[in-house]
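User: Could you walk me through some local features of this model, one question at a time? I would like the cut-offs spelled out as we go.

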Amino acid sequence: MISLSAVIITFNEERNLGRCLESLKGVADEIIIVDSNSTDRTVEIAQAHNSKVYQHAFVGYGEQKNYATSMATNDWIISLDADEALTPELRQSILEIKQNPEFSVYQVPRLTNYCGKWIWHCGWYPDKQTRIYNRTKGKWVERRVHEFWKLDDDLGRSGYLKGDLLHYSFASINEHLQKIEKYSELAARESVEKGKNTNMFKVYFSPKWHFVNDYFFKLGFLDGFYGYTICRLSAYATFLKYSKIR
C-alpha cells in the first residue's frame, strides 16, 4: 500500500480551504500547504487541520506546484486546488488505487459549481484533471498559466478514476471577470515572450467561433442562464487574450 501526500497551494483561501481539507481526511497521509503570504485566515485553517504550512513567494503556478510537491514526504502525491473537494465516490476510488497503483499518474473528472449551479456542459465537464501522480515520474511544466503535469516518459499512460472532483469556482460573475483579466494577461505575456503574434482575423473571428462551439456544439444552452453567461465570458476571454497579444 502506498502513502499519499496531499499538496495544495494557497493565497487567501479561507472561504474554500476547510472544505477541501475535510474531504481529504482518511485519504491523505499528510497534507502540505504552500502559501503565498495570505492575509486572511488561510494559515489558521490549515494548521487547525494538522497541515504542514510553508511560505513561498508566488512566481507561477507550475513552479509553485513543483515546490509544493518537493516538500512532501511521500513520492505519491494528490495535488488539489483549495477550491476543490473530493466526492465520496472519488475518495473510494483513491483508496482502492492506494492498495496497488497500476499507473504512474491518474486523471479525475472535475465538476464545476458556478454561482451556485453545477455546470454539466459548455465544455466544462468532465474537464479531466491530473491530480494524482508519482513525483519521480514527471513534473509540472512551469508556465505562467494553465500548467500541466508531464510524464518524463511521453509514452506513459494515465489512469482514470471514477467519482467527481468538485470545483467551487466562482461565487459571482464579477469574480469570473477578475480571473479573465488576470489569466488573459498572463497568457498574452507568455505568448509574446515565446515570439507569438496574432492578426485581426483571430481577434475578430476566434471569440465568435468560441461562443458558437461552447453554446451550441457543447450544449451550453442546456445550463440555462449561467451556461449562456459562461459561453459569452469564455468568448470574451479569447478576445481579450488575442487583443493583448496584438
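User: Which residues does Lys98 touch, not counting residues up to four places away in sequence?

Analyst: Happy to start there: this is a predicted model, so local features need pLDDT of at least 70, side-chain atom pairs count only at pLDDT 80 or more, and totals for chains, interfaces and linings use all residues. Residues are numbered from 1 along each chain as its sequence is written, and side-chain values use heavy atoms, with hydrogens and water left out. Lys98 sits in helix H4 (residues 88–99), where helices (H or I, at least four residues) and strands (E, at least two) are DSSP runs numbered from the N terminus. With contact meaning heavy atoms within 4.5 Å, Lys98 touches Met1, Ile2, Leu4, Val27 and Asp29.

User: Is Lys98 buried or exposed, and which side chain does its own side chain meet in a polar contact?

Analyst: Buried means under 20% relative accessible area, exposed over 50% and partly exposed in between (1.4 Å probe, protein chains only). At 3%, Lys98 is therefore buried. A polar contact is a pair of N or O atoms within 3.5 Å; within protein, one must be able to donate a hydrogen and the other to accept it, and residues adjacent in sequence count only if both atoms are side-chain atoms. At 3.0 Å, the partner of the Lys98 side chain is the side chain of Asp29.

User: With which side chain does the side chain of Arg110 make a polar contact?

Analyst: Arg110 belongs to strand S7 (residues 110–114) and is buried, with a relative accessible area of 11%. Beyond its neighbours within four places in sequence, its contacts include Asp81, Trp124, Tyr125 and Pro126. The polar contact, at 2.7 Å, is with the side chain of Glu84.

User: How are H6 and H7 oriented to each other?

Analyst: Axes are lines fitted to C-alpha atoms, for helices over the stretch in contact, and angles run from 0 to 180 degrees between N-to-C directions. Helix H6 (residues 200–217) and helix H7 (residues 224–245) have axes that come within 8 Å and cross at roughly 155 degrees. Angles under 35 degrees count as roughly parallel, over 145 as roughly antiparallel, 65 to 115 as roughly perpendicular and the rest as oblique. H6 and H7 are therefore roughly antiparallel.

User: How far apart in space are Thr238 and Pro207, C-alpha to C-alpha?

Analyst: Thr238 lies in helix H7 and is buried, with a relative accessible area of 11%. Leaving aside neighbours within four places in sequence, Thr238 is in contact with Ser206, Pro207 and His210. Thr238 and Pro207 are 31 residues apart in sequence, and their C-alpha distance is 5.5 Å.

User: How are H5 and H7 oriented to each other?

Analyst: The axes of helix H5 (residues 173–193) and H7 come within 9 Å and cross at roughly 30 degrees. By that angle, H5 and H7 are therefore roughly parallel.

User: What is phi for Asn50?

Analyst: Asn50 is found in the loop between helix H2 (42–48) and strand S3 (52–55). At 71% relative accessibility, Asn50 counts as exposed. Although Asn50 is not a glycine, its phi is positive, at about 60 degrees.
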